[in-house]
Amino acid sequence: MNDIFAKRLKESDFMMNILSVRLRNLRGEKNISQLKLSLELGFSQSTVAAYEAGRKNPSIFSLCCMADYFDCSTDYLLGRTDRRNKNV
């Protein structure tokens with residue numbers, strides 16, 4: 001495995017871990033259950049649970065849906081920035 005690929009793989013694991021934490025935190029701030037979020041976004045509850053547990057990576061479409069719902073950027077969800085506001 002080349003160094004660039006190995007680095008990107010580690011970054012991907014890190015981003016999914018950050019996504020899990022940020023998704024749980026954002027859902028908690030809205031005081032909504034996984035079921036409520038899943039119904040709002042059109043996902044199954046098990047999909048939301050898998051995202052939060054880091055067992056499943058969201059598609060680009062799903063990531064965009066979550067960012068729109070929580071009014072934040074996809075970069076914030078993935079841990080590429082700590083700024084939540086997508087307009088900054």
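A polar contact is taken here as a pair of N or O atoms within 3.5 Å, where, within protein, one atom must be able to donate a hydrogen and the other to accept it, and where residues adjacent in sequence count only if both atoms are side-chain atoms. The model is predicted, so that local features need pLDDT of at least 70 and side-chain atom pairs count only at pLDDT 80 or more, while totals for chains, interfaces and linings use all residues. Residues are numbered from 1 along each chain as its sequence is written, and side-chain values use heavy atoms, with hydrogens and water left out.

Under this criterion, the side chains of Gln34 and Glu52 are joined by a polar contact of 2.9 Å. Gln34 is placed in helix 2, helices being DSSP runs of H or I with at least four residues, numbered from the N terminus. With residues up to four places away in sequence not counted, Gln34 touches Arg27, Gln45, Val48, Ala49 and Glu52, contact meaning heavy atoms within 4.5 Å.

Glu52 also forms a salt bridge with Arg27, with the closest N and O atoms 2.6 Å apart; a salt bridge requires a side-chain nitrogen of Lys or Arg within 4 Å of a carboxyl oxygen of Asp or Glu. Because Arg27 lies in helix 1 (residues 3-29) and Glu52 in helix 3, the pair ties together parts that are 25 residues apart in sequence.

Helix 2 (residues 34-41) and helix 3 (residues 45-53) pack at an angle of about 115 degrees, their axes lying 8 Å apart, where axes are lines fitted to C-alpha atoms over the stretch in contact and angles run from 0 to 180 degrees between N-to-C directions. Helix 2 is therefore roughly perpendicular to helix 3, a term covering angles of 65 to 115 degrees. Gln34, Leu35, Leu37 and Ser38 of helix 2 make the contact with Gln45, Val48, Ala49 and Glu52 of helix 3.

Helix 2 packs against helix 4 (residues 60-70) at an angle of about 110 degrees, with the axes 11 Å apart. In this pairing, Leu37, Glu40 and Leu41 of helix 2 meet Cys65, Met66, Tyr69 and Phe70 of helix 4.

Methods: Helix = DSSP H or I, 4+ residues; strand = E, 2+ residues; numbered from the N terminus. Parallel < 35°, antiparallel > 145°, perpendicular 65-115°, else oblique.
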